Amino acid sequence: MDKLAFVMVGHVDHGKSTLIGRLLYDTGSLPPDKLEEIKLASREQGKDVEFAYVMDHLEEERSRNITIDTAQTFFRTKRREYVIIDAPGHKEFLKNMITGASQAEAAVLIVDADEGIQEQTQRHAVIISLLGLDQVIVVANKMDLINFSEERFMDLTAKLEVFLKKIDIHPTFVIPISAKKGDNVSNKSGKMPWYDGVTFLQALDSFKNLPSSVEKPFRFPVQDAYEVGEKKILVGRVEAGKVRLGDEIVFLPSQQGARIKTIEVFLDDGRRTAEAGESIGLTIEPDEDIKRGEVASRPADTPPVSNRFKASIFWMSPQPLDINEKLLFRCATEEAPAKIEKIEERIDSSTLEVLEEDASKLEDTEVGEVIISTENPVVVESFYKTRELGRFVIVRNNDVVAGGIIAHAIIGQ
Amino acid sequence: MDKLSELESKSIYIIREAYYQFKDIAVLWSIGKDSTTLMWLCRKAFFGTLPFPAMHIDTSYKFPQMYRFRDKYAKKWGLKLLIARNEEALAAGMGPDQGEKLACCNALKTDALKQAIDRWHFKALLLGIRRDEHGIRAKERYFSPRDQSFKWDYENQPPELWDQYKSRAEDEEHIRVHPLLHWTELDIWTYIKRENIPITELYFAQDGKRYRSIGCAPCCAPVPSTADTIDKVIEELKTTTTSERAGRAQDKESVTTMQKLRALGYM
């Protein structure tokens, strides 16, 4: 059966965890002992059955009625298996939201139909767009609070579309629901005769798995080199394309050429091919010393090598970024000392307002259009060509403080 | 690539990443189905021979079948096996019948692990926990730092994106690495079948009962089941309505026991 991971995003208290709990409950995915536990916990906290407890497992989450950290749960429909990623809606937990969203193939944006679009509704939509998640369903929750009003729903939909269009998000469905009461989640609601669209559950089944990178040019970032018996094996994951015994390859940035002698997979002797997604080993001739961080490709279609490039980054540390401070750049298995040489635009990730041009700082939750320079040349590609080599993180003092996407042309090769 | 191969490939990538970043590393082997699957994946990652030890946290209360299984496969797979026991607490008579179960788990598992880390100076440990086992585990990261007192700072976990993991531990820290985090119970069993991974017989039904999750014998209850083969276990899991850890005592005392255990450093 297929498996698809989607993330639930939106403003705090708009009902992300509740919708997940409801979905699991309606589809019979909650074991009776789990349901008992939730009832018990709800009683301990002095509340009616709280569907959000299915996801909010930390004591503090339950007492404060908020989600602090991202969590994942699983459920199955006739069509396939789902991994649901719950993301916190507070601005202060944005890094947890990004952690969750980075593992998803699609997103559900939830908006409180009564409260309307709020700060994190927009911020989360912007992050989703930056991460390249282009499959989005919008749900207008808490329709029960506005008497299932068509007019209010249409008004909200119109406002949402204006904002989403700006960030190039085109939702496949906008669905009026009540997670708490169960309307249009897995069962069609009798209270909104004006709505003849799909239920949330039907809409989920329309998501598609991300296309595999098998048809793209071959890319193999070296993860490590092992000595096994007499063999020197380069291990790593094929990030894109396919590879065959005897293929001529070149390692970058070192420009070392070689030919593939064997493809090594334990308990699978005589392997002749491998493809994107597989963790494998390679032996090569000549048997040169190749280090972690080198990227193998075919000589006819090599990725660019550069020490200066443009990127969009999102900052997720309470300590701001200072231009030119010492940082570490990590992309696939590559690592290089780096600095942000120029912040062309400092952007508010919720309003998309350009706060400053040619800035010298980037604050927590802000997005920056920047130029990065690395101490030594690295292999990077546009995210839209090879996503695995087009996304990176920035590390400072041992902590991941930013994520980024290389969307623009690389400067100087 | 099929789903199981994808799961496998990601886990192997994480195991190799952990070994690259931390040479002072061990894999925790509880002899259960998950950590035995993890052992299998480690063997695959390193082409048959683990370059680091496997550690068994032995409370002395495990099922006899588990000890037999451990010794057989430690030998067969050529493992460097470390056995960690809190001898002091055992000598003082600590056991599941001595009052609160929480205290017993803490002394015989968590403290035994602390002693082992002090003794062998591990900077990282591979563990076979999965997100679908328990809500609190659903909040875990693949690479999760723990301080000296083992505290899990679950309110302030590091961001983790695109297979970029926390790569260094501070002096007083170690990193828990969870290569199986994204697997479900059903995935584990389908993979065990595909790979023909040996597994202790406790998981298969005898006299109408089987263990779905194993640990210490006094604290594990079998569930009613007629599944006496892997195929039947897989069929059973597709339709079951009880959760995996329903037979585990430490999950029962209070809805927040597991959180308390994990915050104190429980696996």
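Start by selecting chain B: 67% of its 267 residues count as buried, where buried means under 20% relative accessible area, exposed means over 50%, and partly exposed is in between (1.4 Å probe, protein chains only). Before you go on, know that this is a predicted model, in which local features need pLDDT of at least 70, side-chain atom pairs count only at pLDDT 80 or more, and totals for chains, interfaces and linings use all residues. Residues are numbered from 1 along each chain as its sequence is written, chains are lettered from A and ligands numbered from 1 in the order in which they are written, and side-chain values use heavy atoms, with hydrogens and water left out.

**Chain B, the overview**

Switch to a cartoon view. Chain B has eight helices and eight strands; these are DSSP runs (helices H or I, at least four residues; strands E, at least two), numbered from the N terminus. Contact here means heavy atoms within 4.5 Å. Of the contacts in chain B with a separation of 6 or more, 75% are between residues 24 or more positions apart.

Now colour chain B by domain, using bounds from an automatic or database domain assignment. Domain 1 takes 3-184 + 255-263, and domain 2 takes 200-251. Their C-alpha centres are 22 Å apart, and the contact takes 23 residues from domain 1 of chain B and 19 residues from domain 2 of chain B.

**Helix H1 and its partners**

Select residues 3-21 of chain B, which is helix H1, and then H6(B). How are two packed helices described? By the angle between their axes and the distance between the axes. For this pair, the angle is about 95° and the axes are 11 Å apart. Axes are lines fitted to C-alpha atoms, for helices over the stretch in contact, and angles run from 0 to 180 degrees between N-to-C directions. H1(B) and H6(B) are therefore roughly perpendicular; the cut-offs are under 35 degrees for roughly parallel, over 145 for roughly antiparallel, 65 to 115 for roughly perpendicular, and oblique for the rest.

Show side chains where they meet: Lys3(B), Leu4(B), Ser5(B), Leu7(B) and Glu8(B) come from H1(B), and Asp187(B), Thr190(B), Tyr191(B), Arg194(B) and Glu195(B) come from H6(B). Sort them by type and you get three nonpolar, two polar and five charged. (Ala, Val, Leu, Ile, Met, Phe, Trp, Tyr, Cys and Pro count as nonpolar, Asp, Glu, Lys and Arg as charged, and the others, Gly among them, as polar.)

Next, select helix H2, residues 33-45 of chain B. H1(B) packs with H2(B) at an angle of about 70°, with the axes 9 Å apart. That makes this pair roughly perpendicular. On the H1(B) side you'll find Glu8(B), Ser11(B), Ile12(B), Ile15(B) and Arg16(B), meeting Leu38(B), Leu41(B), Cys42(B), Lys44(B) and Ala45(B) of H2(B).

Zoom in on Glu185(B), in helix H6 of chain B. Buried or exposed? Glu185(B) is buried, at 6% relative accessibility. Leaving out residues up to four places away in sequence, Glu185(B) touches Lys33(B), Arg130(B), Asp132(B), Arg212(B), Leu237(B) and Glu244(B).

Thr200(B) comes next, in the loop between helix H6 (185-195) and strand S7 (209-210) of chain B. Thr200(B) is buried, with a relative accessible area of 0%. Look for a polar atom of the Thr200(B) side chain 3.0 Å from the backbone nitrogen of Leu202(B). Beyond neighbours within four places in sequence, Thr200(B) is in contact with Ile31(B), Gln65(B), Phe69(B) and Ile214(B).

Then try His121(B), in the loop between helix H5 (101-120) and strand S4 (124-126) of chain B. This one is exposed, with a relative accessible area of 56%. Phi of His121(B) is near 55°, a positive value in a residue other than glycine. Most residues other than glycine have a negative phi, and most peptide bonds are trans.

**Over to chain A**

Colour chain A by domain: domain 1 (3-204), domain 2 (220-297) and domain 3 (305-405). The C-alpha centres of domains 1 and 2 of chain A lie 43 Å apart.

Select Ile249(A), in strand S10 (residues 248-252) of chain A. Ile249(A) is buried, at 2% relative accessible area. Its contacts beyond four places in sequence include Phe218(A), Ile260(A) and Pro299(A).

Finish at Pro253(A), in the loop between S10 and strand S11 (256-264) of chain A. The peptide bond from Leu252(A) to Pro253(A) is cis, with omega near 5°.

Conventions
A polar contact is a pair of N or O atoms within 3.5 Å; within protein, one must be able to donate a hydrogen and the other to accept it, and residues adjacent in sequence count only if both atoms are side-chain atoms.
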